[in-house]
Amino acid sequence: MSPTAPAPRTATLTRKTAETDITVRLNLDSAAYDAPHSGHGFFDHMLDALSRHSRLGLSVAATGDLHIEPHHLIEDTGITLGQALSQALGDRQGIERYGSAFVPMDETLAHVVVDLSGRAHLAFEPETLDVWGDAGGMTHYHLREFLRGFCNHGGVTLHVRVLAGREAHHVIEAVVKALARALRDAVAVTSAQMPSTKGSL
């Protein structure tokens, strides 16, 4: 009898409200991805970086009330991505669970630690810093709301620190790339065991 093939770790989620319409497709075992389309250039750049550096297959098609500001679009994309991650992980059997990465970007150094624990928590240290400016209208506060939605709906514990750097573009990009690399390690299947003494996540 041939062994049973592992279930595909994929998900497609759509979130539609009066403010946004977002579809996220995620494949944890494929690096193939589509260029994101949200109508916000810098946010698309960050979603592209997240997919490339995590080596996860990610497709995001989104529209939102950008005539007001990017908050709703960015936060709701984080929510939908978190839901997709949770669905794709399934029971989380055998995953590495933890990931950590340092990423430099010129004068900026970001450190991100992730635990796919099933418990939502965000520790976001950049909000205590004097971060200058924005990147195409996206600030580090928008990043915080993206990550908050992602953690709350993905069952993710996430710690974000910026060890050096003040310019918003570099801070945001370094954090996103560090998150991507930490996720790449955390979602990897490295064992047949459940990575918890409780027997479930």
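Okay, housekeeping. The model is predicted, so local features need pLDDT of at least 70 and side-chain atom pairs count only at pLDDT 80 or more, while totals for chains, interfaces and linings use all residues. Residues are numbered from 1 along each chain as its sequence is written, and side-chain values use heavy atoms, with hydrogens and water left out.

Helices and strands here are DSSP runs numbered from the N terminus: H or I over at least four residues for helices, E over at least two for strands.

Let's start with α2, residues 71-89, and α3, residues 140-154. They pack at about 25°, axes 7 Å apart; the axes are lines fitted to C-alpha atoms over the stretch in contact, and angles run from 0 to 180 degrees between N-to-C directions. Who touches whom, meaning heavy atoms within 4.5 Å? On the α2 side you'll find, among them, H71, I74, G78 and L85, and α3 brings residues including H142, F146 and G149. By class, that contact has 6 nonpolar, 10 polar and 2 charged residues. Nonpolar here is Ala, Val, Leu, Ile, Met, Phe, Trp, Tyr, Cys and Pro, charged is Asp, Glu, Lys and Arg, and the others, Gly among them, are polar.

Next, α3 against α4, residues 168-186: the axes come within 10 Å and cross at roughly 20°. That makes α3 roughly parallel to α4 as well.

F43 and F146 sit edge-to-face, 5.8 Å centre to centre with 80° between the planes; over 60 degrees is edge-to-face, under 30 is stacked, and the rest are tilted. F43 is in α1, residues 41-54, and F146 in α3, 103 residues apart. Both are buried, that is, under 20% relative accessible area with a 1.4 Å probe and protein chains only; exposed is over 50%, partly exposed in between.

Most residues other than glycine have a negative phi. R55, though, has phi near 60°; R55 lies in the loop between α1 and β3 and is exposed at 51%. D106 has phi of about 55°, lies in the loop between β4 and β5, and is exposed at 65%.

Note on methods. Contact means heavy atoms within 4.5 Å. Rings of Phe, Tyr and Trp (its six-membered ring) pair if their centres lie within 6.5 Å; planes under 30 degrees apart count as stacked, over 60 as edge-to-face and the rest as tilted. Angles under 35 degrees count as roughly parallel, over 145 as roughly antiparallel, 65 to 115 as roughly perpendicular and the rest as oblique.
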